[in-house]
Amino acid sequence: MTSTPPPGYQPAPYGFPQPPPHPEANSAMVFGIVGLCLSVMCGGIGVFIAPFGWIKGKRVMAEIDANPSAYSGRGNAQAGFITGLIGTIFGALYLLFWVAYVIFIVVMIFVAAETEPTTTFDSINAMLSSRI
């Protein structure tokens, strides 16, 4: 005689149950991705957000590695660390570019203001009348 399982019966999963994800792994990934996107698309603004993903991702990975049976989610923390690092580098490069660009423009304005004009209306009129 075979017995039928009661309604709502779920068999036990094979192997060991997975530990819960680290509560800050997803936020590290979000900070890293948003920081990278803002660094690339918005001209370096992500340099103010990306380091949070980088630092938080590194800390969460260290906590998961210290006790892997307590938390999972190392992939999300690692994604936050990597994208935060890349976003910080891109953002810093963009900010350096913009600072160099503004310095170049200011220098060109001062150089142009200090030089005297080389042509006057008299010399232009003399050139035009000599060609006719």
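1. The crossing of α1 and α2 is left-handed, a term used where the near helix is turned anticlockwise from the far one by less than a right angle, clockwise being right-handed. The axes of these two helices come within 7 Å and cross at roughly 150°, axes being lines fitted to C-alpha atoms, for helices over the stretch in contact, with angles running from 0 to 180 degrees between N-to-C directions. That makes α1 roughly antiparallel to α2, because angles over 145 degrees fall in that class, while those under 35 count as roughly parallel, 65 to 115 as roughly perpendicular and the rest as oblique.

2. The model is a predicted one, in which local features need pLDDT of at least 70 and side-chain atom pairs count only at pLDDT 80 or more, whereas totals for chains, interfaces and linings use all residues. Residues are numbered from 1 along each chain as its sequence is written, and side-chain values use heavy atoms, with hydrogens and water left out.

3. As to the overall build, the chain has four helices and zero strands, and its elements run α-α-α-α from the N terminus on; helices (H or I, at least four residues) and strands (E, at least two) are DSSP runs, numbered from the N terminus. Of its 132 residues, 18% count as buried, that is, under 20% relative accessible area, with exposed meaning over 50% and partly exposed lying in between (1.4 Å probe, protein chains only). The accessible surface comes to about 10,100 Å², and 72% of that belongs to carbon and sulfur atoms, by the Shrake-Rupley method with a 1.4 Å probe.

4. Contacts that span the sequence deserve a separate remark.

5. Returning to α1 and α2, their contact is made by A25, S27, A28, F31, G32 and G35 on the α1 side and by A50, F52, G53, K56, G57 and V60 on the α2 side. These residues divide into six nonpolar, five polar and one charged, where Ala, Val, Leu, Ile, Met, Phe, Trp, Tyr, Cys and Pro count as nonpolar, Asp, Glu, Lys and Arg as charged, and the others, Gly among them, as polar.

6. For helix α3 (residues 74-114), the packing against α2 has an angle of about 150° with the axes 7 Å apart, which means that α2 is roughly antiparallel to α3. In this pair too the handedness can be stated: α2 passes α3 in a left-handed crossing. Residues of α2 in the contact include W54, M61 and I64, and those of α3 include R74, F81 and L85. By class, the contact of α2 with α3 has nine nonpolar, seven polar and three charged residues.

7. Helix α1 (residues 25-41) also packs on α3, with axes that come within 7 Å and cross at roughly 25°, so that α1 is roughly parallel to α3, and this crossing is left-handed. Among the residues that make the contact are M29, I33, L36 and V40 of α1 and I86, F90 and Y94 of α3. The contact of α1 with α3 has eleven nonpolar, ten polar and no charged residues.

8. A50 is found in helix α2 (residues 50-66), and is buried, with a relative accessible area of 0%. Not counting residues up to four places away in sequence, A50 touches F31, G35, G84, G87 and T88, while its C-alpha atom is separated by 9.4 Å from that of V30, 20 residues apart along the chain.

9. H22 lies in the segment before α1 and, at 7% relative accessibility, counts as buried. Beyond residues up to four places away in sequence, H22 touches V60, E63, I64, Y71 and S72; for Y71, 49 residues apart from H22 along the chain, the C-alpha separation is 5.2 Å.

10. G73, in the loop between α2 and α3, is partly exposed, with a relative accessible area of 21%. Leaving aside neighbours within four places in sequence, G73 is in contact with A25 and I64, and the C-alpha atoms of G73 and P20, 53 residues apart along the chain, are separated by 8.0 Å.

Technical notes: Contact means heavy atoms within 4.5 Å.
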